[in-house]
Amino acid sequence: VSSIVIFGATGAVGLSVAAALRRERIPYRVVGRSRAALEAAFARDPLAELVLWDPADAASVRRAAAGAEVALDLVGGDYHRWRALPTTTRAIVEGAAAAGLRRVVLAGTVYAYGRPRTARVDESHPREPDTEKGRLRKEQEDVVLDAHARGRVEGVVLRMADFYGPGVEKSLLARAFRAALRGARAPMLAPVDTPHEFLFVPDAGPVFVALSRAPGAAGQALNLGGPGVTSQRALAALAFAEMGHRLRVLEVGPALRALGGLVDPVLRELGEMSYLHTTPVLLDDARLGALLGPIAKTSYEEGVRRSMAALREAS
Ligand SMILES: NC(=O)c1ccc[n+]([C@@H]2O[C@H](COP(=O)([O-])OP(=O)(O)OC[C@H]3O[C@@H](n4cnc5c(N)ncnc54)[C@H](OP(=O)(O)O)[C@@H]3O)[C@@H](O)[C@H]2O)c1
């Protein structure tokens, strides 16, 4: 029987959690809206149990959760579809509580904090987002934390820094890494030298597994940052060096972004998040380390090497 059930399992984080569970030979259940997507990702793993759900159908959510102990809410989707996220989280929390699960762990982002007021942002930083996407992320967190306060399920939130990694398409760096393959100009959101941190997604899986168990995590929202402060340009430079090309940058400023936004809904939605490129949220994740012990973080050099190796293989 699977004790962990992963909603939204076919994304980058779900694959990372599954890999961490596989290393420990722990069976797990993956829940998705399409059998084809689930099979493409998990059919070859005998430890994985594949289950379909419809977030709008409460009975299907309950069935998907039944018999497990902990649910992970890793549901994502493109920016312009985020309005559905709080409703989906509510469905997962309700389904998990109805099925008698002990805990729900939610994948969160730095957006819930809003504009940073301190050079480092720890969990005591106020959550006052002034963007729509930030408010949606905060609402999702509140669904989980309120359920905890009401004793429905133990709620845990993991707020993660911006992603990159092998096969990770929803990354600020995805286009630049692809450009590095060919030595083309690397499009990145301006300004590209602002201090920024990135989370190597394979490092997230073991943290979710640990948070599914750690008694002390109940009721907490915790930060998970990268292995240090870097910048978009610095990581692109590593990617280009890895491929033996000289870095050439195409800085995408507000004008270019607005133009691209005419055809690309994700680019259009990026405008309101542009504060992250002038006043970055740099996470202090000492509390997570104190709870779980030292967090294994892949260095940027190694992370970029593995990201480029995956791209090379796929091309
Ligand atoms: N990208 C970043 O830099 C970053 C940073 C911090 C946190 N996060 C957040 O961390 C979470 C996990 O990230 P990820 O990249 O693994 O997510 P993702 O690929 O965007 O989404 C994960 C899965 O969610 C399911 N899904 C999408 N829309 C849905 C909907 N409306 N209803 C139900 N299921 C839906 C899809 O699975 P099926 O199609 O198989 O159902 C998808 O594969 C997301 O919430 C993401 O926003 C991202």
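Is Asp 285 buried or exposed? Keep that in mind; the tour returns to this residue at its third stop. The model on screen is a predicted one.

**Stop 1: the ligand**

Start with Arg 137: an N or O atom in its side chain is 2.3 Å from an oxygen atom of the ligand. Move to Val 75, where a backbone N or O atom lies 2.8 Å from a ligand oxygen. Then select Gly 76, which has a polar backbone atom 3.2 Å from an oxygen atom of the ligand. The ligand taken alone exposes 900 Å², and the protein buries 85% of that.

**Stop 2**

Glu 128 is partly exposed, at a relative accessible area of 47%. Arg 117 has 54% relative accessibility and counts as exposed, because the cut-off for exposed is over 50%.

Side chains of opposite charge can pair when their charged atoms come close. The count for this model comes to 26 salt bridges.

**Stop 2: Lys 297 and Asp 285**

Select Lys 297 and Asp 285 next. Their side chains meet in a salt bridge, with 2.6 Å from N to O. Lys 297 is in the loop between helix 11 (286-292) and helix 12 (300-314), while Asp 285 is in the loop between helix 10 (265-270) and helix 11, so the pair ties together parts that are 12 residues apart in sequence.

Here is the reply to the opening question: Asp 285 is buried, with a relative accessible area of 15%.

**Stop 3: along helix 12**

Continue into helix 12 and select Arg 306 and Glu 302. A salt bridge joins them, with the closest N and O atoms 4.0 Å apart. Both residues lie in helix 12, four residues apart, which is about one turn of the helix. An α-helix has 3.6 residues a turn, so residues three or four places apart point the same way. Arg 306 is partly exposed, with a relative accessible area of 36%, and Glu 302 counts as partly exposed too, at 29%.

**Stop 4: helix 6**

Select residues 174-182, which make up helix 6. Which residues of helix 6 are buried? They are Ala 174, Ala 176, Phe 177, Ala 179 and Ala 180. To see what covers them, show strand 7, strand 8 (186-189), helix 8 (232-242) and helix 12, which are among the covering parts. Then step to Gly 183, which follows helix 6 and has a positive phi, near 75°.

**Stop 5: His 277 and Thr 194**

Select His 277, in the loop between helix 10 and helix 11. His 277 is buried, with a relative accessible area of 6%. Leaving out residues up to four places away in sequence, His 277 touches Leu 172, Leu 189, Ala 190, Pro 191, Thr 194, His 196 and Gln 232.

From that list, pick Thr 194, found in the loop between strand 8 and strand 9 (198-200). A polar atom of the Thr 194 side chain lies 2.7 Å from the backbone oxygen of His 277. Thr 194 is buried as well, at 14% relative accessible area. Apart from neighbours within four places in sequence, Thr 194 is in contact with Thr 230, Ser 231, His 277, Thr 278 and Pro 280.

Note on methods: Residues numbered from 1 in each chain as written. Predicted model: local features only at pLDDT ≥ 70, side-chain atom pairs only at ≥ 80, totals over all residues. Heavy atoms only, no water. Polar contact = N/O pair within 3.5 Å; in protein donor to acceptor, adjacent residues only side chain to side chain. Areas by Shrake-Rupley, 256 points an atom, 1.4 Å probe, with all protein chains shown as cover. Buried < 20%, exposed > 50% of the residue type's maximum accessible area, 1.4 Å probe, protein only. Helix = DSSP H or I, 4+ residues; strand = E, 2+ residues; numbered from the N terminus. Contact = heavy atoms within 4.5 Å.
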